[in-house]
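Here are some exercises to work through with the structure in view. Try each task on your own before reading its solution.

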Number of protein chains: 2
Amino acid sequence: MARPRNFVEEEVVRAVMMTFWRLGYDATTYRELQKITGLGLRSLSNAFGEKDELFVTVLRAYRVMMKGMLDSFLEGADLEALAQFFEAIAAPSEGEDDIRREGCLMVNSVFELTNMSDPVAAEVTAYRAMFIERFRDVLTQSGVDDVETKAEYLLGSTWGIFSQIRLAKDPVAAQPMARMLADIVRSWAQ
Amino acid sequence: MARPRNFVEEEVVRAVMMTFWRLGYDATTYRELQKITGLGLRSLSNAFGEKDELFVTVLRAYRVMMKGMLDSFLEGADLEALAQFFEAIAAPSEGEDDIRREGCLMVNSVFELTNMSDPVAAEVTAYRAMFIERFRDVLTQSGVDDVETKAEYLLGSTWGIFSQIRLAKDPVAAQPMARMLADIVRSWAQ
DNA sequence: CTTGTTTTGATACGTTTGTATCATAACTAC
DNA sequence: GTAGTTATGATACAAACGTATCAAAACAAG
């Protein structure tokens, strides 16, 4: 009944995500997104709305992606798996253009956007809760005490790891921190 | 021999620092800085150069300020003082406009500026080294093993604390993390 | 007072930004 | 084929940015 789209939505969102991840929100221009995706201005805005709406879509996709990674590492896991999770974050990157060099898109966005819109803030909150929940599950099932405090501690440490990666543009910069943290987690086992 | 300046340099730098701290580099316009300082465009640029040069001046001033804080806490200090240092960072803010709500200007800048100029990168490097050195001194004098790894770990954790503060716009958001970290530091004492 | 030097203030310019406009193209249902 | 609907592409526009320009102002030294 109407002209069909010339692109696959998921692919476009993924390409846009990488650009926002690498450059940040402000430094990513709508024109650059047109170039990256190969779409025209009207096609992009027709399908995904304006820049801020597209960004929220990207954040949601990022959160879902990270949920998959969290689940694969920590679903029904023990403290040893949790320790390995932190070591994995700081594992050496594969090649010069490994996106992991950019740290965490959500953390980066929190720092960049002084005044977040409500939808963006909601994504950040959900992202945070996602980590806390997973950490809490592992800690509880491992019979550790002081679960709430430790979960908050692990989240803060995770953000610290991402900070070091972002600064050095290299995951291995966080290896000392990650190894130390992994040892601390292992020490919680009775 | 020439027309005298109508301002005190330190006061201007301090006012500009607060604005960059609160809004970030990009969101701070040169016009806003004119308004904040009460100076005209030519006065500002004449005294401090263009926006990026003024920013480097601010970063240097911030680093010196933080060095004072670090020294007052950690010069010749023991592990207990180090533990209290982390708890102090997360101490409740005094009032709604406490600048500590904004986290750390240097950390914020690292996240915001995808492509840092060389002078900015140099400031960040010096800032990082300043923390590492102080941590290392305390750890060494306390007879702790694995000093290098632990110093890196403490730096990453510090950045994690600043991340949590920045996200929540409130130092107390980092209290669980800071308390946990303080306990870990105390546990290093033999 | 005059001269020389620096500071100051008003105005304006060129770029870049996100986005609006609008005609055209591509498809489906009938 | 025809009508109806959505996608596409080229062009343009208003706003905001950093910064250049240039004349006027304020002092010290002679």
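**Exercise 1: Getting to know chain A**

In chain A, 65% of the contacts between residues at least 6 apart in sequence join residues at least 24 apart; two residues are in contact if their C-beta atoms, placed from the backbone, lie within 7 Å. This is a predicted model, in which local features need pLDDT of at least 70 and side-chain atom pairs count only at pLDDT 80 or more, while totals for chains, interfaces and linings use all residues. Residues are numbered from 1 along each chain as its sequence is written, and chains are lettered from A and ligands numbered from 1 in the order in which they are written.

Task: describe the secondary structure of chain A, its span and its share of buried residues.

Solution. Step one: chain A has nine helices and zero strands. Helices (H or I, at least four residues) and strands (E, at least two) are DSSP runs, numbered from the N terminus. Read from the N terminus, the order is α-α-α-α-α-α-α-α-α.

Step two: the C-alpha trace of chain A spans about 65 × 35 × 30 Å along its principal axes.

Step three: of the 190 residues in chain A, 37% are buried. A residue is buried if 20 or more other C-beta atoms lie within 10 Å of its own, exposed if 12 or fewer, and partly exposed in between, with C-beta atoms placed from the backbone.

**Exercise 2: One residue up close**

Solution. Begin with its place, which is in helix 4 (residues 51-74) of chain A. Next, count neighbours: Leu54(A) has 22 other C-beta atoms within 10 Å, so this residue is buried. Then look for contacts: not counting residues up to four places away in sequence, Leu54(A) touches Val16(A), Phe48(A) and Gly49(A). Finally, compare sequence with space: Leu54(A) and Val13(A) are 41 residues apart in sequence and 8.3 Å apart from C-alpha to C-alpha.

**Exercise 3: Where the two chains meet**

Task: find how many residues each chain gives to the contact, and which helix of chain B gives the most.

Solution. Chain A and chain B each bring 29 residues to the contact. On the side of chain B that touches chain A, helix 6 (105-112), helix 8 (147-168) and helix 9 (175-187) each give two or more residues. Helix 8 of chain B gives the most, with 13 residues. By class, this side of chain B has 14 nonpolar, nine polar and six charged residues. Here Ala, Val, Leu, Ile, Met, Phe, Trp, Tyr, Cys and Pro count as nonpolar, Asp, Glu, Lys and Arg as charged, and the others, Gly among them, as polar.

**Exercise 4: Helices packing on helices**

Task: at what angle do helix 8 of chain A and helix 8 of chain B pack, and which residues meet there?

Solution. The angle is about 110°, with the axes 7 Å apart. Axes are lines fitted to C-alpha atoms, for helices over the stretch in contact, and angles run from 0 to 180 degrees between N-to-C directions. The two helices are therefore roughly perpendicular: angles under 35 degrees count as roughly parallel, over 145 as roughly antiparallel, 65 to 115 as roughly perpendicular and the rest as oblique.

Among the residues that meet are Trp159(A) and Ile161(A) from helix 8 of chain A, and Trp159(B) and Ile161(B) from helix 8 of chain B. This contact has four nonpolar, 10 polar and no charged residues.

Now turn to a pair within chain B. Helix 5 (residues 79-89) and helix 9 of chain B pack at about 175°, with their axes 8 Å apart, so they are roughly antiparallel. Their contact has nine nonpolar, no polar and four charged residues.

**Exercise 5: The DNA strands**

Task: which residues come nearest to DNA strand C, and which are closest to DNA strand D?

Solution. A residue is near a strand if its C-beta atom, placed from the backbone, lies within 6 Å of it. Around DNA strand C there are 23 residues, and Arg3(A), Ala2(B), Arg3(B), Asn6(B) and Ser43(B) come nearest. Helix 3 of chain B supplies the largest share of this surface, four residues.

DNA strand D is surrounded by 23 residues, the closest being Ala2(A), Arg3(A), Asn6(A), Ser43(A) and Arg3(B). Helix 3 of chain A gives the most to the surface near DNA strand D, with four residues. That surface divides into 10 nonpolar, five polar and eight charged residues.
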